[in-house]
Number of protein chains: 4
Amino acid sequence: MVVLLKSNTDMAQREQLIQWLRGMNLDVHVTEGKLQTILGLVGDTSAIDIDLIQALDIVDTVKRIQEPYKKANRRFHPDPTVIQVGDMKAGGGNFAMIAGPCSVESEEQILSVAQSVKAAGATMLRGGAFKPRTSPYAFQGLHNRGIELLLEAKKVTGLPIVTEIMDLSQLPLFEEVDMIQVGARNMQNFTLLRELGKLNKPILLKRGLSSTIDELLMSAEYIMAGGNEEIILCERGIRTFETHTRNTLDLSAIPVLKELTHLPVVIDPSHSTGYARFVRPMSRAAAAAGADGLIIEVHNNPSAALCDGPQSLTPDAYKEVAGDVGRILEAMRV
Amino acid sequence: MVVLLKSNTDMAQREQLIQWLRGMNLDVHVTEGKLQTILGLVGDTSAIDIDLIQALDIVDTVKRIQEPYKKANRRFHPDPTVIQVGDMKAGGGNFAMIAGPCSVESEEQILSVAQSVKAAGATMLRGGAFKPRTSPYAFQGLHNRGIELLLEAKKVTGLPIVTEIMDLSQLPLFEEVDMIQVGARNMQNFTLLRELGKLNKPILLKRGLSSTIDELLMSAEYIMAGGNEEIILCERGIRTFETHTRNTLDLSAIPVLKELTHLPVVIDPSHSTGYARFVRPMSRAAAAAGADGLIIEVHNNPSAALCDGPQSLTPDAYKEVAGDVGRILEAMRV
Amino acid sequence: MVVLLKSNTDMAQREQLIQWLRGMNLDVHVTEGKLQTILGLVGDTSAIDIDLIQALDIVDTVKRIQEPYKKANRRFHPDPTVIQVGDMKAGGGNFAMIAGPCSVESEEQILSVAQSVKAAGATMLRGGAFKPRTSPYAFQGLHNRGIELLLEAKKVTGLPIVTEIMDLSQLPLFEEVDMIQVGARNMQNFTLLRELGKLNKPILLKRGLSSTIDELLMSAEYIMAGGNEEIILCERGIRTFETHTRNTLDLSAIPVLKELTHLPVVIDPSHSTGYARFVRPMSRAAAAAGADGLIIEVHNNPSAALCDGPQSLTPDAYKEVAGDVGRILEAMRV
Amino acid sequence: MVVLLKSNTDMAQREQLIQWLRGMNLDVHVTEGKLQTILGLVGDTSAIDIDLIQALDIVDTVKRIQEPYKKANRRFHPDPTVIQVGDMKAGGGNFAMIAGPCSVESEEQILSVAQSVKAAGATMLRGGAFKPRTSPYAFQGLHNRGIELLLEAKKVTGLPIVTEIMDLSQLPLFEEVDMIQVGARNMQNFTLLRELGKLNKPILLKRGLSSTIDELLMSAEYIMAGGNEEIILCERGIRTFETHTRNTLDLSAIPVLKELTHLPVVIDPSHSTGYARFVRPMSRAAAAAGADGLIIEVHNNPSAALCDGPQSLTPDAYKEVAGDVGRILEAMRV
């Protein structure tokens, strides 16, 4: 970490800052420049809150040389991590096709969707048992019954399953779930992240809708710091002023993340755009930009499932998307 | 709720939508216009997810006539709610002065700050025991020891205390805490909100940094739906592109919230701006705009407490802010 | 246009609104609903400012049925428009490859870049003669000399040229320029747009960095209203909170625009991301999402041209991008 | 300016950068640190584009020590500038009350509004002659007739006038206008700014709706660089995700601007919030935060002037606002 002090800083304040930094077990190298004094900090600076130093009166700029995330950092793990769950692999050239309904609604529904997405090429089944809903009066999912139905669909199709956890207290119900999803609203639920770090189970970590890429990586680091390094990152749209799509899908996050981290990156074109008709072009684009997979909402019977309607594809439409994606991946492999 | 259908909609799809809505226990009144068909929905529409209907192919626009929040809604509770905790009152003409350090660090620190903010006119003591930190390697607060120290400061000064909860599992530690704070990152932690709704204790609910005002009110509704109607809302800055301040303090939220809800609204000028030198002008502005209180970071010894430095005032500076605010409230009372 | 009035509206105010609307040459059909009164407006509503009506006390919601843009609207021109300039075609299955340096610097530079991008497959040459710079003290381009050099490069290579206009007063210099670019900062310079509408020359209209898609289309409409319907739209990144890229490239704008308008859409991966290393993945993604072309910064000698460095590709790197794009377009044609 | 190079930079690239910087007439002082090499640049760096250097492969961070604006910079002009136009003064303790209708519509209208706002305490009259409208089909103002009517109102009331210019070509019409307004959409119309810099007439420069504070100051610098240093800055709301107000009024910009520049800052609570009922609380807040004035829309006959309705006050309501503001300024003077 390098700290540039303002010119004409008070010597007493400067000495105080240096002592405080040394108290954090850092070596402090002082360079007196013509214009400014520069403090070079050597040691483990990951516990230092850069905002606090930045806002001190005598400080002009603070710049980390090492990113504050270590285990998620590509600098220290140059090879891409491959996450494998059942037949599904993501990362290192493997493309994950995760698909399924918004909510698990019934045995018939989940079995039917699971079989049709498997036939279309999906490698993992998704489905919500606990649904985060902005209204306390809305349907909140089937809870443990939903998880039971997903496990049943897994038994029938062989597809591993991923579903969202909303609170630590639900953790016992997730024992047989193959991958646990942390939703966008929980991306900075640090207590939850810390507990998931103690598991031996892959985590699908979704970017918060106004979270920076650095914040996403720090949240991954929370899980990894506990020992669980099996994480798939998911970009699912950020909040902007544009209203033609529900959120703005930030596909540039793919090459940025590829540079910063070794973890796989999947894209959710369903929630980000909010409309089924934009899922196909955005799925193609994600594959072309170098994503490691897609998580797409698919429902069996559009006319019956009002809830799934807007952002969900039919199994047939999903098959077309899968075909497109396959051809694009092929074209880029040449 | 009013649903405008697109012109030339398929009659079968239209009938299906109407049946589905009736299945939600709503009366559906159909008006055939020259240009469009309009469905008027009568009944309790608060469980309806407006986004789902909005995105249907046959739907042009959906408009709620009644906001989806009921208990938080000013329409049904025209009188402002007054929240009282110890000597602190907020709302209905009462202005709350909540002050204290970012983190509880030691007995000496919290007692000293508590006594000086009380002398300067504070009516409630704040202080963090559990600190949400973006880095897993940073100091996370004194936890239950922090709460013990706050309770001691309460005993000595008589000031009621407010401190932040980060997870449901911490709830037993908050039994003697006077008001529980839900931080910006937890504003949509619906499981937590639901449990807080079962308590008989005031909640300070902070707006998420990219949450709309409607989302803030829906989160209040989550708590109120469980029976706990003692909520103070807090605006603490929203995420924008401007970087001279940490976040952008949205003071227009004050008159907007006053119109939509009967709950008191307090402003946090410390976290929103991120710099102590902007706390005074923004505190004045908040009071002038009609806020019901301020929550301000104050520390005892700026040179020692690096952590508090940037956005915290000294007790003397706090006294000046309190004086300004008093004079402005007085000027507006005339 | 449909106007929903609030319940319990004052009859006098309502009558006044209806009279005002009739004064705008609109037929007003009143439907008295159980819940609300609805006004259906028939006629040309494109001159009506929806914000003004929306904000009236008695109005609940206003919804356009017809978008306020007419000539740019796909509803009235279902077939995609093909813009042809020299050998370059954009739209209707034609993919435009526009390339060249940030600024025209010298004869040697522009000729060298023009020849190498032509060899790599570019169909049009870009280059800045007038440069919008945030600092009044920075280099502002070669002005008319820059345009002369572009015309020389055109003569040598046969590539048509596109360059940016900054003010109406420069228009006489653009007589021989093949396509005039309107930069992001000028997207709502309505006086300029209106004058460009009188020309018989294609316009490359860039989206403002905080402009909505609807605002972009209204700006196209300004030009088209004057009779010039040869417009290519360009998405070049929007301003968000993310800082790893200069702006956030909104690729979802491609399918959204394809739905709303018949005009071709090209993507600028250079200015949007701000870094040369992100141009290749984003170019692929743009092609896969259905763009009609790419506008990419290419310079001849990276080590000499500091100005172009960050976001510009070398000719060799550009050739690779062009190859990728070709293969992806091929893969999707199947 | 201080440039931190990445560790392990290529010596040839580094040498090239240093040579290039010296070519810009800068002294370059190299400090070899244990961790990084630091280049200290001495000389006039205002012509250097920081983004270009920032994005070079070998550069880690660039930090200006001196802001790129010089004439607008408080560092070099510690005393606040007072702008005086007729009886209106803004800055240095003087509070400007600018008021008037959105558009000039008729002689009767503008005279009536001018007289009533003068009676209520306004010190300057505003009114639009050229209206920037997003639709080419909407009413665009009375143009030169509008300016004539404003001048007539000035003659009758003695109030100086301010009105918006949209393009350089309109400049001759503004000869007798007391202050020229540059609208938010033109804040980065650099050609226009440069020409206004040659005038001897105050400019009211509005912040673009997605412009940073630094960009606003650089636009002021464009005008000042030409010799015209009579500028009043105006904050009028920035574009965010919140929709209860038209834009988000950034009142923190007041103390930030007070720190960075000596120019006066006025606030536009009408356009920023978009609703007349929020003008009063936001006017109070602006005064309390330290603004140097307010620019408020006032119309004479709300029921007739549909266009003005939403965000305009009646003269009576304006009088109340003026009274509130006076009392708050008084309270803070103590």
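Author: This is a predicted model. Start with a helix pair in chain A: H6(A) and H7(A) cross with a right-handed sense.

Reader: Which residues of H6(A) and H7(A) make the contact?

Author: Look at both helices in turn. H7(A) brings Ala253(A), Val256(A), Leu257(A) and Leu260(A). H6(A) brings Ile213(A), Asp214(A), Leu216(A) and Leu217(A).

Reader: How many nonpolar, polar and charged residues does the contact of H6(A) with H7(A) have?

Author: Asp214(A) is in the contact, and Asp counts as charged. The contact has no polar residues. The tally is seven nonpolar and one charged.

Reader: Are H6(A) and H7(A) parallel, perpendicular or oblique to each other?

Author: Their axes come within 11 Å and cross at roughly 45°. Roughly parallel needs an angle under 35 degrees, and roughly perpendicular needs 65 to 115. H6(A) and H7(A) are therefore oblique.

Reader: Now chain C. At what angle do H3(C) and H4(C) pack?

Author: H3(C) covers residues 107-119 and H4(C) covers residues 144-157. Their axes lie 9 Å apart, and the angle is about 40°. That makes H3(C) oblique to H4(C). The crossing is right-handed, at an angle of about 40°.

Reader: How many charged residues are in the contact of H3(C) with H4(C)?

Author: H3(C) contributes residues including Glu107(C) and Lys118(C). H4(C) contributes residues including Arg145(C) and Glu152(C). Alongside seven nonpolar and two polar residues, the contact has four charged.

Reader: What area is buried between chain B and chain A?

Author: The contact takes 50 residues from chain B and 50 from chain A. Carbon and sulfur atoms give 56% of the buried area. The area is about 4400 Å².

Reader: Which side chains meet in a salt bridge at 2.7 Å, N to O?

Author: Chain B and chain A have two salt bridges between them. A salt bridge needs a nitrogen of Lys or Arg within 4 Å of a carboxyl oxygen of Asp or Glu. The pair at 2.7 Å is Arg239(A) and Glu215(B).

Reader: What percentage of the area buried between chain C and chain B is on carbon and sulfur atoms?

Author: Here 19 residues of chain C contact 19 residues of chain B. The salt bridge count is zero. The two chains bury about 1500 Å² between them. The carbon and sulfur part is 78%.

Conventions:
Residues are numbered from 1 along each chain as its sequence is written. Chains are lettered from A and ligands numbered from 1 in the order in which they are written. This is a predicted model: local features need pLDDT of at least 70, side-chain atom pairs count only at pLDDT 80 or more; totals for chains, interfaces and linings use all residues. Side-chain values use heavy atoms; hydrogens and water are left out. Axes are lines fitted to C-alpha atoms, for helices over the stretch in contact, and angles run from 0 to 180 degrees between N-to-C directions. Helices (H or I, at least four residues) and strands (E, at least two) are DSSP runs, numbered from the N terminus. Angles under 35 degrees count as roughly parallel, over 145 as roughly antiparallel, 65 to 115 as roughly perpendicular and the rest as oblique. A crossing is left-handed if the near helix is turned anticlockwise from the far one by less than a right angle, and right-handed if clockwise. Contact means heavy atoms within 4.5 Å. Buried area is the accessible area (1.4 Å probe) that two parts lose on being put together, summed over both.
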